[in-house]
Protein chains: 2
Amino acid sequence: MKRKTLVLTVLSAGLGLVAGCGQSGSPSDASAEQDAGSTASASSGNATLQKVASARNLTPDDLVAAAMTYMPTGRHDPYLMMASGGHSGQVFVIGVPSMRLLREIAVFTPEPWQGWGFGTGTKILDEGNVKGMPPIRWGDSHHPALSETAGDYDGQVLFINDKANGRVAVIDLRDFETKQIVNNPLAINDHGGTMVTPNTEYVIEGGQYATPLGMDYAPISEYAKSYKGMVTLWKFDRAKGRIDVSKSFAMELPPYWQDLFDAGKKVSEGWIFGNSFNTELATGGVESGKPPFEAGASQRDNDYLHIINLKKAVAAYEAGEFQKIKGFPVIPLQTSISEGILFFAPEPKSPHGVDVSPGGEYMVVSGKLDPHVTIYSFEKIQQAIADQNYTPDQFGVPVLDFDAVVEAQVEVGLGPLHTQFDDKGYAYTSLFLEPAVARWTLGGPYGDKNPEDDWTLVQKIPVHYNVGHIATAEGDTVSPDGKYLVSLNKWSIDRFYPAGPLLAQNLQLIDIDNTGDNMQLLYDMPIGLGEPHYAQIIKADKLSPWEVYPEIGWDPATQAALPGAPNSGNERIERNGNQVDVYMTAVRSHYTPEHVEVNQGDHVVWHITNIERAQDATHGFALSGFNVNLSLEPGETDTFEFDADTPGTFTYYCTEFCSALHLEMAGYFLVKPQE
Amino acid sequence: MKRKTLVLTVLSAGLGLVAGCGQSGSPSDASAEQDAGSTASASSGNATLQKVASARNLTPDDLVAAAMTYMPTGRHDPYLMMASGGHSGQVFVIGVPSMRLLREIAVFTPEPWQGWGFGTGTKILDEGNVKGMPPIRWGDSHHPALSETAGDYDGQVLFINDKANGRVAVIDLRDFETKQIVNNPLAINDHGGTMVTPNTEYVIEGGQYATPLGMDYAPISEYAKSYKGMVTLWKFDRAKGRIDVSKSFAMELPPYWQDLFDAGKKVSEGWIFGNSFNTELATGGVESGKPPFEAGASQRDNDYLHIINLKKAVAAYEAGEFQKIKGFPVIPLQTSISEGILFFAPEPKSPHGVDVSPGGEYMVVSGKLDPHVTIYSFEKIQQAIADQNYTPDQFGVPVLDFDAVVEAQVEVGLGPLHTQFDDKGYAYTSLFLEPAVARWTLGGPYGDKNPEDDWTLVQKIPVHYNVGHIATAEGDTVSPDGKYLVSLNKWSIDRFYPAGPLLAQNLQLIDIDNTGDNMQLLYDMPIGLGEPHYAQIIKADKLSPWEVYPEIGWDPATQAALPGAPNSGNERIERNGNQVDVYMTAVRSHYTPEHVEVNQGDHVVWHITNIERAQDATHGFALSGFNVNLSLEPGETDTFEFDADTPGTFTYYCTEFCSALHLEMAGYFLVKPQE
């Protein structure tokens, strides 16, 4: 992957650079780094910059990229990228353009630094368990979705789905903590979540691998008859900041493997769009000499874009036109057909992404085994429906005529997956197989925003390697910002020092601020603690995070002050029968009380409040040997409970380095043996 | 915190900078960033660099710092920082100087991206459980220690302790995975681990909060009599790559709160040094009107440096001069006194760090409530012991005369904690309260390596904020590299966008390559997923990580090929009574078999091998609903088992985006209901 060095000769005089050409970017530079990495002081400007560039073999492009991404101490990143953590089960908050990991948000997986899964939050994890199955303590977080108002991010809430277990989580962006996990009783897995409608009325969760709805047993031989696809519309109650399960519903779909969804916006508001693969109804069985899924599900030239009239679906649900499966309302497929809720359109071939243009006019679909992106017109779709220009699929769903609904096709390259938009009339599509990111022009109302012809490939920039999703700044809203694109690459191979056989992913920041053939790679960010699947990039000033919790005694699980929470002066230990309630406070640099003694066999309920009001004055609380660690942010109250079965002398202490006397912030927990 | 801009006027002509003065570093720059952050292309060299610097308000110092830390795509960091994750329970591998997080190593906390705690590795976690207590699924990882040969890092193994539960873990640096967790049966917490002796013969684990050894119940009123301190010497078997518990032992110490330890090296090899606080024997009780620990443990002007003749201790252990407590050999305090194994020296006041100079001549101690570092001479200590220049403490331990053993004291500032060394005769001490890092000169054999007088403060550089440990490149070995220092700051307050009330830590990279008053801040790295406590920085080329596992069917838990592991061609499902063994392979892009059907009530043991041989061709394996996710690196075999209690239709799929047909890499798991 040779890096661009053509401009160097011309520029070296101007910058006074004497080296920097040629082999930079090769891993073998590492040894040169060890000799030269730090030979120049940072205090003497131009001559020093020259020396550093020479010693570190940096090109002029490198210096510019460094300057475009470097954050001096105290400077805040103007954008935040909310990236799913993939099978880490978490969400990552990354500053853009510095590509620094600001924090992990624990969602589906217990995480002791945040105390997630050790105190009150455990109830939220438990509410997300799959009924009848063991507790789930991880997730495969896939598609983060910021809440929207009028189709634009409003910075209030973040949703994220768990592909592995068919779940959706709600994160409050005031404290960046998970508040709710809902388990879908219909499906054991999902994929096309958690895109939101333009005012966050609904959070979309589309299925993936079909099963009988409700996951009852049915032999694989009954696939076509008993297995079903689905999409679920979770109603979001903005006042409560929670999904209202009692007002949510699902739609039965054919057992195609639904994949991604996107909500219509502006002209297409009130509709949602999804895609699917395995319209072949392949059931695998490589062990019996049958084609594996990878072959069986890739035979047809077309799969089906799903076109759903959400307003009509809601009306059908509200009119009671549903069945209940495992207690959850499901609009039957035949109802969706007969009521004109569901239409298909052919889409080439094994589609992956479906993305709606900022104004809602176009649906861009990428068939990963077809070198084109296919652009559908919402207007033409409406016309085809009005004209009844369709024929039924094998389940009776009307399939619109391809030529009647397609606006354009653009040949972008091999393995196109996902598309994002900017403010200059460009669309960007990831190309898994090349691997690269393609910039191409939209037509219609976007045609005048850039100098190139409509529906034309403009540039491809290589990425390293195997890109899945991409994210541009606010690039899936009604008003994309442009400026930056992040390529979420799945393989990194030689890009970073290989810390064992399990390699980091590579998130590459690309400058997309200039029109034409001018995309530039700025930064490689290794991410070796999860596999970000999709990300959204939001202007940081849209959020209003809390510096400390609003009141002392705050319960983050309910986002309200907890009645009876411990506070300064009311610390105590109460016994009722064999239940012991501990009411404790934490402040720099001690707990009150410092001794807690119970009897073997007691049930202990332990409440702690951090009574600090200073930002960053977090205390931890570890009860050694009891698998408990809490993170108590200023004002927070947390609670845990356990049976004191084992007699002994135990200790507790502050795990968050809070003060010069932090080590002294400790106490003794004694369990007196039974006589 | 005003940033240095004095040189700007002189330099702006040379670099062509027209802005960049003044307020950069203020969070309010964020809005300017949004307008200007990405206005310039990265392709046009000097003029572009000028434009970017102007638009982004970067000073000449900023440009140099950016150039000193920027890594062009594909360039590998020359150093790796192994940082503990604090109460995340993990270890972070960070590239230096780019300060990019290359990967997290799961140690004490289950982590699904790595599959840690979901397959075979669960046994390693379980072996670390505290006997009689619930399973521990987190840790407070504190002090990483790289294995050493002749006092220098050899890049083979990393040790890390869990303060919260008194445990030590062993990580193999060929695959960066945890191989062993040993639980200390004597103590429910620890602190001064896991420093190693110069050839990694022993891994040191010092105690923290005293309890009865073995943690039996004893009322707090019996503190002085029944509570004990301890240090444990874990024998490391380098051939096996594991701690040999059967050859490990502990020493009883007074119930002072032992804190950090360091091993002697070169001239002091064969000795170890620790410190302590709470020689007051304070027992807290603020709830009863007694002084809290923070006050009670800070009353005396001196605590005690612990000086231990390790050779004699090993001889006593090998001679059987121990008692067994909970089955673990402990050398009694009186034996250590009578055999000349243990000595104390007064150290001012509430000491935290103790660090041995590269040649082993000096022990540097920081009393966090004293503005000096105190430097002890090993030679003088030996002389004082020979002269019997000591008096006993209340437990009879000989306390050496302070004036007889001190070489120097250097006033460095407020709240000194920890000291590291470089190759130019400087020592660096973190100052928690200022907060700053102080550079000062060593004397003796180090005196000629720099221009300044011996034992003199040279410079203090502010850090942001509340620094705990610091790490210089190979700075605690016999041959420090200098070049870089990382300040592990506990508070970040205003440095980064505040993602909720729980703020990131701030790891600041400082250039220490030039002598004199020339330390320069280079980079702020937020770390919002753990609280790194200590770190070591090693030259990357000292490690030899595996690209893929050596053979197909590799078991990372034993680092050997697993007999009978699934491989291509022998995939099958075997039933024996109600146990079903699944032998499965994974390869791009399918599992074999793709259907697994069992009967309700069966016990299922599921073995999977990733038969890939290409680097980075990792596959995941999620069994939806069963709380299972594996990460299968090329060649790896993993195993999990469960009871199939709930009938139904379930799915499994690859969680690591492996290929264009990754989504098709899936299968069906059917549990047939009982008749």
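Between chain A and chain B, 84 residue pairs are in polar contact, both residues being at pLDDT 80 or more; a polar contact is a pair of N or O atoms within 3.5 Å, where within protein one must be able to donate a hydrogen and the other to accept it, and residues adjacent in sequence count only if both atoms are side-chain atoms. On the side of chain A that touches chain B, helix H4 (residues 60-69) of chain A gives the most, with ten residues; helices (H or I, at least four residues) and strands (E, at least two) are DSSP runs numbered from the N terminus. By class, this side of chain A has 100 nonpolar, 65 polar and 41 charged residues, with Ala, Val, Leu, Ile, Met, Phe, Trp, Tyr, Cys and Pro counted as nonpolar, Asp, Glu, Lys and Arg as charged, and the others, Gly among them, as polar.

The model is predicted, with local features needing pLDDT of at least 70, side-chain atom pairs counting only at pLDDT 80 or more, and totals for chains, interfaces and linings using all residues. Side-chain values use heavy atoms, with hydrogens and water left out, residues are numbered from 1 along each chain as its sequence is written, and chains are lettered from A and ligands numbered from 1 in the order in which they are written.

In contact terms (heavy atoms within 4.5 Å), 206 residues of chain A meet 207 residues of chain B. The two chains bury about 17,900 Å² between them, 61% of it on carbon and sulfur atoms; buried area is the accessible area (1.4 Å probe) that two parts lose on being put together, summed over both.

Two salt bridges cross this interface, the rule being a side-chain nitrogen of Lys or Arg within 4 Å of a carboxyl oxygen of Asp or Glu. B:Glu664 pairs in this way with A:Lys368, with the closest N and O atoms 3.0 Å apart.

Over all chains the count comes to 43 salt bridges. One of them joins A:Lys542 to A:Asp152 at 3.2 Å between the closest N and O atoms. This pair links distant parts of the chain, 390 residues apart: A:Lys542 is in the loop between strands S32 (535-539) and S33 (554-555) of chain A, and A:Asp152 is in strand S5 (residues 152-162) of chain A. Together with A:Glu474, A:Asp152 and A:Lys542 are linked in a network of salt bridges.

A:Arg588 forms a salt bridge with A:Glu612, the closest N and O atoms lying 2.7 Å apart. A:Glu612 is buried at 5% relative accessibility, while A:Arg588 is partly exposed at 35% (buried means under 20% relative accessible area, exposed over 50%, partly exposed in between; 1.4 Å probe, protein chains only).
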